[in-house]
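Open the model in your viewer and keep the selection panel at hand. The tour goes stop by stop.

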Amino acid sequence: MERKRTKSTLDAEPDRISWLPGHVTDQIMSYLPIRDAVRTSVLSRNWRKKWYTLPNLVLDRQCVSAEASQDPLVIEPKFSKMVDHVLLLHSGPINMFKFCNYDLPGEGSLVSDVDRWILYLIGRSIKELVLEVWIEEEYYQIPWCLFSCQSLHNLKLRWCWLKPPMVFESFRNLKSLDLNLVTVDQDAFENMISKCPLLEKMKLTEVDGLTQINIHAPNLKFFEIEGLFEGITFDNTFQLATIVIDSWFDLTSESNPSRSPGCSSNLLKFFDHRPHIQSLEIGSYFLKYLAAGVLPVKLPTPCIDLSFLSLSVNFDNMAEILTALCLLRS
């Protein structure tokens, strides 16, 4: 009798978790890894399909159990099937999709699967795509179909090879581009950037295939770069407000115009298209690159909006000291 009364009491109590407001459950789901989000389907009838409409999908190591992640023969097919399962059952818009198989054992047979997922996501009007595809001894080549995706707002690639098609028209809605350990041809890169009219943020880290960095982006506001290059130029970047440079530049290259006697300094050219710069961080040996050529006492146009300046100076190099002083006077 006591057991029956207890059961009756429990049945009479309201199912509070089922009646949480929609915005509350959406917030809860947004903080969960996809593996835990799927598990919420056992909470109650109302939660059974909650994860089907998650707008942001992150598929990485957290999706796989610790036991499975230690077995190379199990993890890769299981990981691939899990992504297929999530995409098959998903309904509603997919705003963000992140795939990362780094630190997961496998032989890199995911190429055809990733190609298929990208094609599917294009059809779902994906807005943010993050791909970190680790394949031993080679980079994953981005399929041409991605370059037809006009819904993209944010694109982040790591360990990838970018080769846009000859008929590439534009990423007309792209606002943020992050390339890390990516291989891309110089001309293809410049052509792609010039066809991103809304691009506001760009980050380049150890990008292979680029020698001279030429940036033409009228709406660019944030730019960060790290790696080894021969030079850098900006064209029509009057909106650029934040610059972070931690790069090494080859001043011995014959293509570097600052090698000519009497040539104006790279410092003047660097600030030519940046009247509204607000934050500047210069690390590694970039100050040495800016110092090449004939240095002015101060810049012709003062940096009236510059409120943050960080410089890495070699105090054994007089040219770098004079360049730093020129910036401070300006």
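Predicted model: local features only at pLDDT ≥ 70, side-chain atom pairs only at ≥ 80, totals over all residues.

Residues are numbered from 1 along each chain as its sequence is written, and side-chain values use heavy atoms, with hydrogens and water left out.

Stop 1: Select residues 111-123, helix H5. Helices are DSSP runs of H or I, at least four residues, numbered from the N terminus. The 13 residues of H5 should span 18 Å, and the end C-alpha atoms are 19 Å apart, which agrees. The expected span is 1.5 Å times one less than the number of residues.

**Stop 2: its buried side.** Select Asp113, Val114, Trp117, Ile118, Leu121 and Ile122: these are buried in H5. Buried means under 20% relative accessible area, exposed over 50%, partly exposed in between (1.4 Å probe, protein chains only).

**Stop 3: the salt bridges.** How many salt bridges does a search of the whole structure find? The search finds two. The criterion is a side-chain nitrogen of Lys or Arg within 4 Å of a carboxyl oxygen of Asp or Glu.

Select Asp84 and Arg116: their closest N and O atoms are 2.7 Å apart. Asp84 sits in helix H4 (residues 72-89), Arg116 in H5, 32 residues apart.

Color by accessibility. Asp113 is buried at 15%, Asp84 is partly exposed at 25%, and Arg116 is partly exposed at 39%. Salt bridges link Asp84, Asp113 and Arg116 in a network.

**Last stop.** Select Ser125, which follows H5: its phi is positive, near 55°.

Key. Helix = DSSP H or I, 4+ residues; strand = E, 2+ residues; numbered from the N terminus.
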